[in-house]
Amino acid sequence: MNDIDITLYLNEYRVKALADALAQRTANTVEDELHKAFDALYLEYVPGERRADIEAQIDREEIAEQARYDGKHRFAVYHIRENGENYHFTSEHFVSPMQAAYRYRLYAREQLSAKPQTFAHAFIETDPIPVEKFAEICEDMNSDSRVTALIEFDLDNDAVSVCESSDNAWQTYSCHDFSVAAFKAYRSDYRDDDCRREIFEGSLAGKEIDMDKNENHSMAIQ
């Protein structure tokens, strides 16, 4: 929103006296009262038709701003099963299988400084989602253009399944192979993301586990 600052230079004694008087009679601050005065002047002097046009313009700009935010707002969708517990959430920080694999490696080797008690808690700033929402996205990844990947870790069965293609194709690997691929990709600090992704995918090539697609989905909705 295109807000602007209006600076007023007022005597500090007068401002202090007004603030003290307001504090005795109301919870409002001097700034609150100035906002109210502005609103009163706005209603008194700006014609109703002009105000309606301005409010419509503000609404259009807010909608456009939200659309721009949504366009940049990308996230991966996760399901983690560990010790019989299931966690479903989205993450904007770990948006690719390669990033998730490296996070898993650090967690499994107890190299995360926060020492999370579960793998789900190894992900920062996540947004929990209901299992029904996860199942819905699994049925059609294209239902939400912001989704970068679907990632399922079944730590109880040493398996991880990923889907990052528009045709909803899943690949399943052992957690060990997933971890080793991450190690190879991140072994050097001087590689860019494209190079790391090539190494990661190359390490996993030919190591897919033949898991029935329906089995993936049965795990997803638990």
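Trainee: Is S174 buried or exposed here, and why?

Mentor: Buried means under 20% relative accessible area, exposed is over 50%, and partly exposed is in between, with a 1.4 Å probe and protein chains only. S174 comes out at 13% relative accessibility, so it counts as buried. Keep in mind that this is a predicted model: local features need pLDDT of at least 70, side-chain atom pairs count only at pLDDT 80 or more, and totals for chains, interfaces and linings use all residues. Residues are numbered from 1 along each chain as its sequence is written, and side-chain values use heavy atoms, with hydrogens and water left out.

Trainee: Which residues is S174 in contact with?

Mentor: Contact means heavy atoms within 4.5 Å. Leaving aside neighbours within four places in sequence, S174 is in contact with D158, A159, V160 and I209.

Trainee: Which strand does S174 lie in, and what is the strand order of the sheet?

Mentor: Helices (H or I, at least four residues) and strands (E, at least two) are DSSP runs, numbered from the N terminus. Two strands pair if DSSP finds at least two bridges between them. Strands of a sheet pair through backbone hydrogen bonds, either parallel or antiparallel. S174 lies in β6. The sheet is open, with six strands in the order β3-β2-β1-β4-β5-β6 and mixed pairing. Its edge strands, each pairing on one side only, are β3 (127-128) and β6 (171-174). β6 pairs with β5 (residues 159-163) in the antiparallel sense over four bridges, and S161 stands opposite T172.

Trainee: Which strands does helix α6 touch?

Mentor: Axes are lines fitted to C-alpha atoms, for helices over the stretch in contact, and angles run from 0 to 180 degrees between N-to-C directions. Helix α6 (residues 175-185) packs on the sheet and touches β4, β5 and β6, its direction making about 90° with that of β6.

Trainee: How many residues does the largest nonpolar core have?

Mentor: In soluble globular proteins, nonpolar side chains tend to be buried together. A nonpolar core is a set of buried Ala, Val, Leu, Ile, Met, Phe, Trp, Tyr and Cys residues joined through side-chain atoms within 4.5 Å. The largest one here has 30 residues, and those with the most contacts inside it are Y78, F119, I151, F153, F178 and F200. Elements giving two or more residues to this core are β1, α4, β4, β5, α6 and α7 (193-204). The largest share, six residues, comes from α4.
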